[in-house]
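I opened this notebook to record what I looked up in one structure. My entries follow in the order in which I made them.

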Amino acid sequence: MKIALGCDHGGLNLKNAIKKHLEENNYEVEDFGTYSTDSVDYPDYAKKAAMAVANGEADCGVLVCGTGIGIGISANKVKGIRCATVGDTFSARMTKAHNDANMIALGERVTGIGLGLDIVDAYLNSEFEGGRHQRRIDKMMEIESESL
């Protein structure tokens, strides 16, 4: 499985910890940056990672900024992306199981590294349940198609 990663300066430490954790667990990782604590704009990095997921170059993605909110909103502007900002393992599991989210966003300033890694694991180890949830996904994507 190939995972796209992206962050701004506020999410660098957590992104780097996630990258190391994923690689140690034999995931293929594409890191779209940023690579330093110099101030940058999160939409630039959200777009790069989200485009890789939307284009099928990556199976899913993980984004990190200070809160996870801005980078997650930015990713959702890319057609085909369903990114949820999550701060707990239950939400991480449910966003895959019920929403078939293809990306998650985390906040380094609100989520410690240990919990952040657990969230990523919960997300990656979950499966989309389909069934009644597929109908809702189809409706979400219809809204996207109508509005873009």
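**Entry 1: H133**

I looked up H133 and found that it is buried, with a relative accessible area of 3%; buried means under 20%, exposed over 50% and partly exposed in between, with a 1.4 Å probe and protein chains only. I note that the model is predicted, that local features need pLDDT of at least 70, that side-chain atom pairs count only at pLDDT 80 or more, and that totals for chains, interfaces and linings use all residues. Residues are numbered from 1 along each chain as its sequence is written, and side-chain values use heavy atoms, with hydrogens and water left out.

I located H133 in helix α6 (helices are DSSP runs of H or I, at least four residues; strands are runs of E, at least two; both are numbered from the N terminus). Leaving out residues up to four places away in sequence, H133 touches A97, H98 and F128, where contact means heavy atoms within 4.5 Å.

**Entry 2: Helix α5**

I read that α5 covers residues 113–124, twelve residues in total. From first C-alpha to last, α5 reaches 16 Å, close to the 16 Å expected at 1.5 Å a residue; the expected span is 1.5 Å times one less than the number of residues.

Which residues of α5 are buried? I listed G116, L117, I119, V120, A122, Y123 and L124. Among the elements that cover these buried residues I noted β1 (2–7), α1 (12–24), β3 (60–65), α4 (89–97) and β5 (103–107).
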